[in-house]
Amino acid sequence: MSLARFGVSLDEDILKALDGFVVENSMPNRSQAIRHLIEKSIVEEKWQCNQVVAGAVIMLYNHHKRGVSTKLEKIQHDYYDVILSTQHFHLSHDNCLEIVAVKGTANRLTELSDKLIGLKGIIHGKLVMSRAE
Ligand code: NI
């Protein structure tokens, strides 16, 4: 995946808020935070409720990125109660596709997905949710 760069002008207050977001979410840099926020706002409709839903977190990542595999595993152990299964595909020498099937409250699944997709090294990630019954 190729990266495009662009300049962004922000008020200092917004920049401060962005830097706070980076620290709060243990993100490596502003770019990762902006990417994550754009994805949440535009690509994914955020569900904010306690309704039980089923779905999947789909991630494409480069397993050579330091620590990403270990962190993915640790987060999944923290959320074992909502994870039904995890499928891992070695797509190429560098890239992996991981599909985590989930069932639980939309809030908790969104929390899990945000943690997974926010990791450095994740090239693309998406949470798909649907009514469970
Ligand atoms: Ni792999």
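The largest nonpolar core in this predicted model has 22 residues, and those touching the most other members are Val-57, Met-59, Leu-72, Ile-83, Leu-112, Leu-116 and Ile-122. Helix H4 (106–117) is among the elements that give two or more residues to this core, and H4 supplies the largest share, five residues. Apart from the core, the briefing covers a nickel site and a nonpolar surface patch.

**Nonpolar cores**
- Beyond its neighbours within four places in sequence, Val-57 is in contact with Glu-98, Ile-99, Val-100, Ser-113, Leu-116, Ile-117, Lys-126 and Leu-127.
- A second core, separate and made of five residues, includes Phe-21, Val-22, Met-27 and Ala-33.
- In soluble globular proteins, nonpolar side chains tend to be buried together.

**Nickel site**
- The nickel ion has His-88 (NE2), His-90 (ND1) and Cys-96 (SG) as its protein donors, at 2.0 to 2.4 Å.
- The spacing of these donor residues in sequence is H-x1-H-x5-C.
- His-90 counts as exposed because its relative accessibility is 66%, whereas Cys-96 counts as buried because its value is 3%.

**Surface patch**
- A nonpolar patch on the surface is formed by Phe-6, Val-8, Leu-10 and Ile-14, which together have about 400 Å² of accessible area.
- Leu-10 lies in the segment before helix H1 (12–24).
- With a relative accessible area of 38%, Leu-10 is partly exposed.

Terms used. Residues are numbered from 1 along each chain as its sequence is written. This is a predicted model: local features need pLDDT of at least 70, side-chain atom pairs count only at pLDDT 80 or more; totals for chains, interfaces and linings use all residues. Side-chain values use heavy atoms; hydrogens and water are left out. Donors are N, O and S atoms within 2.8 Å of the metal (3.2 Å for Na, K and Ca); water is not among the atoms, so sites may look incomplete. Buried means under 20% relative accessible area, exposed over 50%, partly exposed in between (1.4 Å probe, protein chains only). A nonpolar core is a set of buried Ala, Val, Leu, Ile, Met, Phe, Trp, Tyr and Cys residues joined through side-chain atoms within 4.5 Å. Helices (H or I, at least four residues) and strands (E, at least two) are DSSP runs, numbered from the N terminus. Contact means heavy atoms within 4.5 Å. Patches are made of residues with over 30% relative accessible area and no salt bridge: like charges are joined within 9 Å, nonpolar side chains (Val, Leu, Ile, Met, Phe, Trp, Tyr) within 5 Å. Accessible areas come from the Shrake-Rupley method with a 1.4 Å probe; for residues, only the protein chains shown count as cover. A salt bridge is a side-chain nitrogen of Lys or Arg within 4 Å of a carboxyl oxygen of Asp or Glu.
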